[in-house]
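Please examine the sequence and the three-dimensional structure shown below. The paragraphs that follow lead through the structure step by step.

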Amino acid sequence: MLEALGLTAGEELAYRRLIDGPRTAAELAAALGRPVTAVAEDLAALVGRGLVSRLPGVPARHVAAPPSVALGGLLTARREELRTAELALVALAEQHRMAAVDRAVGDLIEVVTGVEAVRQRFLQIQWAADKRVRSFSTAPFVAVTPDDNTAEEEVVDRGVEYLVMVEREVLATPRVAAGIIASIRKGVQVRVSDKLPIKLMMADGELALVPLTTDPGGEPAAVLLHRSGLLTAVEALFEAIWQRAYPLRVDASGELAEEREAAIGELDRNILGLLLAGLTDEAVAGQLDLSLRTLQRRVRALMDLEGARTRVQLGWHAARNGWA
C-alpha cells in the first residue's frame, strides 16, 4: 500500500512491524522471516527517509516514527511532485496546441502499420481520454479483438464515459455477447446498428483511430487522426449514427435485449431541458461545458432524429417522448 510513496515491499513490512514496538535488526529479521542483511538494508533506507530512528545501545534498536508525521511528509512531497508534473503537462499541452496551428497536413494524420503498433495505438487512445470514448465495432476483427481491449475497464473506472456502437453482425461472433454484457454492467453505453461504415476508436474528439484494412490476412494498418476538420467530420458521423441506433441492455435473465425505440443520452436531455427553459445556445453551451458548434450540431441531430423542421417542433417531440 505504501509503494505509492516510494517504499519497497520490504521497507513497508519492516516499518509496519516496528510500529508495534522497537526491535533490533536481528529481532526484526526473525519476526519477518527474512535475512538479517536484507532487513538491515531496509532499516538504513527507512532511517534515511526519516521513517525510523535508531536508539542508543548495543545492539541498536530501531523505532518507527509516528505515521501521521513521517508518512504525512512523504505524502505531501508526492502531492507536490504530482502537482509539478500536472503543471508541466498543461504547459506541454499548450505547446502542442500552439504547434498544431502550424502543422502540415501530414502531421495531423499518422499512418500506423503492423499488429502490435495498431494494438498499442488502440489502447493509448483510450488511456488518453479525459471525458468520453466513442467507438464503432464491426466484423471481422483484424488487428484488435474484444479480448484485447484491456484498457476499457481501467478507463471506465476513472469516470470516462464510453459510447460503443456495434454492428449487428458482431453480436453473432463467439464470446462477444458475454463481453458486451460485462461492459454494460460496468456502465458502458452500447447501441446496435444494422451496418456501420467504418471501424473507429475516438477519444474526446481529439484523437481517432480508423483502420485502413478491414479484411483478415496481410499486415494491418490504420490512420491516427489528430484534431482537424477530418476528425470533426468523423465525430459528426458518429453522432448521427448513434442517434439512430438502438440501445442494448441486460434483461432480467441476464441476456442482451434491444430497445427498438431509439433513445437519447443524458447530455441531450440536459440540452433540451435548458433550451426549453428559455436559455440561449450560448448559455446552454457554457453550463454544459460544450462548444457552441457542438451544441448546435447535437440539436440539429435531434431535429433530424424526429424529422423536426424547427426547434418548436423539436420541443413538441421532446415533450411527447419524455425527453425533457
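Predicted model: local features only at pLDDT ≥ 70, side-chain atom pairs only at ≥ 80, totals over all residues.

Two strands pair if DSSP finds at least two bridges between them. Strand E8 covers residues 200-203, and 3 bridges join E8 to strand E9 (residues 207-211), the two running antiparallel. Between the strands of this hairpin lie 3 residues, and Asp 204 adopts a positive phi near 55 degrees. Ala 203 has Leu 207 as its bridge partner in E9.

Strand E8 also pairs with strand E5 (residues 132-137), in the antiparallel sense and over 4 bridges. Here Val 133 stands opposite Ala 203, and Ser 135 stands opposite Met 201. Are the faces of E8 covered or uncovered? Both faces of E8 are covered: Leu 200 and Met 202 are buried on one side, and Met 201 and Ala 203 are buried on the other.

The wider setting of these strands comes next. Strands of a sheet pair through backbone hydrogen bonds, either parallel or antiparallel. E8 belongs to an open sheet of 9 strands, arranged in the order E4-E10-E9-E8-E5-E6-E7-E11-E12 with mixed pairing. Strand E4 (109-113) and strand E12 (256-258) stand at the edges with a single partner strand each, so one side of each has no neighbour in the sheet. From one strand to the next, the twist averages 20 degrees. Helix H6 (residues 115-128) packs on the sheet and touches several strands, including E4, E5, E8 and E9. The direction of H6 makes about 150 degrees with that of E9.

Another open sheet has 3 strands in the order E1-E3-E2, and its pairing is antiparallel. Its edge strands are strand E1 (23-24) and strand E2 (52-55), each of which pairs on one side only. E1 is joined by 2 bridges to strand E3 (residues 61-64), and Arg 23 stands opposite His 62 in E3.

The helices may be considered in turn. Two packed helices are described by the angle between their axes and the distance between the axes. Helix H1 (residues 9-19) and helix H3 (residues 36-49) pack at about 75 degrees, and their axes are 9 Å apart. Because angles of 65 to 115 degrees count as roughly perpendicular, H1 is roughly perpendicular to H3. Among the residues that make the contact are Ala 14 and Leu 18 of H1 and Leu 43 and Leu 46 of H3.

The buried residues of H9 include Leu 231, Val 234, Phe 238, Ile 241 and Trp 242.

Helix H8 (residues 176-186) contains Ser 183. Is Ser 183 buried or exposed? Its relative accessibility is 10%; because buried means under 20%, Ser 183 counts as buried. Apart from its neighbours within four places in sequence, Ser 183 is in contact with Glu 152 and Val 188. The C-alpha atoms of Ser 183 and Val 156 are separated by 9.4 Å, although these residues are 27 apart along the chain.

Finally, the protein may be viewed as a whole. Its secondary structure comes to 13 helices and 12 strands. Of its 324 residues, 40% count as buried. Among contacts between residues at least 6 apart in sequence, 65% join residues at least 24 apart. The protein exposes about 17700 Å², of which carbon and sulfur atoms supply 56%.

Conventions: Residues numbered from 1 in each chain as written. Heavy atoms only, no water. Buried < 20%, exposed > 50% of the residue type's maximum accessible area, 1.4 Å probe, protein only. Contact = heavy atoms within 4.5 Å. Areas by Shrake-Rupley, 256 points an atom, 1.4 Å probe, with all protein chains shown as cover. Axes fitted to C-alpha atoms, helices over the stretch in contact; angles between N-to-C directions. Parallel < 35°, antiparallel > 145°, perpendicular 65-115°, else oblique.
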